[in-house]
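Work through the exercises below with the model open. Each task is followed by a stepwise solution.

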There are 2 protein chains.
Amino acid sequence: MATIRDLILKNRSYRRFDQSYRIDEKTLRELVELARCSATAANRQPLKFMLSFEPAENELIFKTVGFARQLSWQGPAEGEKPSAYIIILGDLDISKSFGCDHGIAAQSILLGAVERGLGGVMLGSANKDVLRASLKIPEKYDILLVVALGKPKETVVLETVGPDGKTTYWRDEKSVHHVPKRTLEELIVR
Amino acid sequence: MATIRDLILKNRSYRRFDQSYRIDEKTLRELVELARCSATAANRQPLKFMLSFEPAENELIFKTVGFARQLSWQGPAEGEKPSAYIIILGDLDISKSFGCDHGIAAQSILLGAVERGLGGVMLGSANKDVLRASLKIPEKYDILLVVALGKPKETVVLETVGPDGKTTYWRDEKSVHHVPKRTLEELIVR
């Protein structure tokens, strides 16, 4: 029962997890239920969701997604990989454009995850052709976003963008993940 | 201190408000702060925010946005209009594409609003040329989304999509707004 501010602050993009922690199908369905009850442009509801929580399928997905491309890092090591994935698809039979519906849905899913002591990251840089082939995702679905989920096992801190204006995130020698954020003053133009 | 599920369920798209209720700048800044601390692709943070809470400027915005295009309805009447707006802009000097960042941001903003007893709606169908001219929004900003905010003064109920598959929302004789939602079974493809 945290405030939304608490949840949003806790909801960092986590990329290393306790892989031994399993996430079950019921939890994933509860998270999709949050997305189901969220806004969608003109109430079209064109999003579909594919759940993965078995190690073998997780591994298929893992091989197709990029984690933290800004770091010279190959992604989480064995033992630190996500425990589950929710792949957000756009049903082309319903709509040809999905606006920002997947952003709304993914934010609801991740806030629900954080409330449950879980966490994750939205991954937009999947190799979609390989992912489609590996999971046999029909052509009628656009692959919009992969949400990786798990029990976070890393510390992520927000800090203020420095005078150089760089927003690139970085890791220190203790593997703490630092995320430079623009100030509120910079974001509010009027 | 509600659960995220409570907040998401309460966070309907409200389009009629108690217009006499004023929303101050401080509240809007707190809501943008929630968006500031939310995820953004590759941490680029290309979104900017324009706040409106004075009646005269609110009216300028009101004239450019479409409310509930699916209803034969001209939008909220005088006395029921939004008390404030947050216009979400994409800064083209930072990025040429904004992915679903504005969906993530708008969802954070609206959940924060609901927690405060407010509510609102994401409006994607603004007449952007007129809005740009009215508010003198520089060309360097893409107009991505208008979030209207206020003290909700209508009842919105979720129901299940019927056998005809129609997702069009509708109003009954008591002006209750009905929103047909697809079932979880329909959304989860696997």
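**Exercise 1.** Which side chain meets that of Arg5(B) in a salt bridge?

*Solution.* Recall the rule: a salt bridge needs a side-chain nitrogen of Lys or Arg within 4 Å of a carboxyl oxygen of Asp or Glu. The partner is Glu33(A), at 3.6 Å from N to O. Between chain A and chain B the count is six salt bridges.

*Ground rules.* The model is predicted, so local features need pLDDT of at least 70 and side-chain atom pairs pLDDT 80 or more, while totals for chains, interfaces and linings use all residues. Residues are numbered from 1 along each chain as written, chains are lettered from A in written order, and side-chain values use heavy atoms, without hydrogens and water.

**Exercise 2.** State how confident the predictor is.

*Solution.* Start with chain A: its mean pLDDT (confidence in each residue, from 0 to 100) is 96. Of its residues, 99% reach 70 or more. Then take the complex: ipTM is 0.98 and pTM is 0.98.

Conventions
pLDDT is the predictor's confidence in each residue, from 0 to 100.
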